[in-house]
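This report describes the sheet and the aromatic contacts of the structure shown below.

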Amino acid sequence: MARGMLIVFEGIDGAGKHTQITRLAAALAARNIPIEVISFPAYESFFGRLIERYLSGEFGPLEKVDPHFSAMLFAGDRLKQRGRIVGSLEAGKTVLADRYVASNLAHQGSRTPAGERGVFLDWLRKLEYGAYELPVEDLVLYLRIDPSEAQERMQIRRAGGGEGDLHESDTEHLAATAALYDELARGENWITIDCYEPATGHARTADEIHALVMAAVEVRLARFRAVQALAASAPKHEEEEHDYDIGGSG
């Protein structure tokens with residue numbers, strides 16, 4: 001069976017990831033495309049509960065928590081879900097993830113001094129993609145929004161429900177995270193979708209953003225399937241047998 005596609009939604013809190021992943025899931029299901037939706041962090045897991053304690057400030061204020069420590073919590077949470085992700089992909093399902101590795105890179109990388117950031121990001125990529133063998137994203141949809149607008153959205157959403165977590169409530173952290181997201185978005189397989197019309201500054205509606213998401217997914221999904229079909233039709237060559245002397249002589 002052909003492997004499924006891993007599509008990830010990224011962006012700072014308040015960008016509308018949950019809304020758009022829900023709409024995309026419904027659109028793909030309506031086309032009889034098998035899907036699996038996953039969201040990070042999974043707060044019911046062992047690591048998820050530790051993440052909740054970190055975000056609530058139980059381990060100290062943001063500036064006092066080593067980003068390596070917090071990054072390993074989020075990475076560990078993903079590792080616990082690896083079997084589900086890989087199994088779904090191997091079953092031919094399109095996996096839709098609300099946050100993934102890039103969320104860790106952006107949030108924890110932005111907390112690392114600029115001079116050490118490159119080394120930190122390299123370490124974290126090696127941890128998640130290398131040591132933990134998490135699948136690499138086939139498409140990352142980055143919902144880009146101004147941090148101040150994102151905070152306004154979150155304040156409306158939390159009306160009467162208390163303050164946000166350490167990430168959400170820290171304007172400087174959100175701004176730094178958004179800036180790092182912009183850098184990460186230059187990477188391969190990333191598509192940036194602005195939540196505000198660049199020319200006018202007017203907020204795009206959820207329907208308008210969904211249309212942009214669908215346009216991006218349709219193109220990448222068609223390309224993904226074309227590459228798979230090409231690979232499947234390529235002639236298979238029998239592997240040559242080789243005898244290797246692994247014992248040495250003497």
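## The sheet

An open sheet is built from five strands in the order 2-3-1-4-5, with parallel pairing; strands are DSSP runs of E of at least two residues and helices runs of H or I of at least four, numbered from the N terminus, and two strands pair if DSSP finds at least two bridges between them. Strand 2 (35-39) and strand 5 (190-194) are the edge strands, each pairing on one side only.

The model is predicted, so that local features need pLDDT of at least 70 and side-chain atom pairs count only at pLDDT 80 or more, whereas totals for chains, interfaces and linings use all residues. Residues are numbered from 1 along each chain as its sequence is written, and side-chain values use heavy atoms, without hydrogens and water.

Strand 1 (residues 6-10) is joined to strand 4 (residues 139-144) by four bridges, the two running parallel, and Phe-9 stands opposite Leu-141 in strand 4.

## Aromatic pairs

Seven aromatic pairs occur in the structure (ring centres of Phe, Tyr and Trp, the last by its six-membered ring, within 6.5 Å; planes under 30 degrees apart are stacked, over 60 edge-to-face, the rest tilted). Phe-120 and Trp-123 form a tilted pair, 5.5 Å centre to centre with 45° between the planes, and both lie in helix 6 (residues 114-131), three residues apart.

The rings of Tyr-142 and Trp-190 have centres 6.2 Å apart and planes at 70°, so this pair is edge-to-face; the pair links distant parts of the chain, with Tyr-142 in strand 4 and Trp-190 in strand 5, 48 residues apart. Ring pairs link Tyr-142, Tyr-181 and Trp-190 into a cluster.
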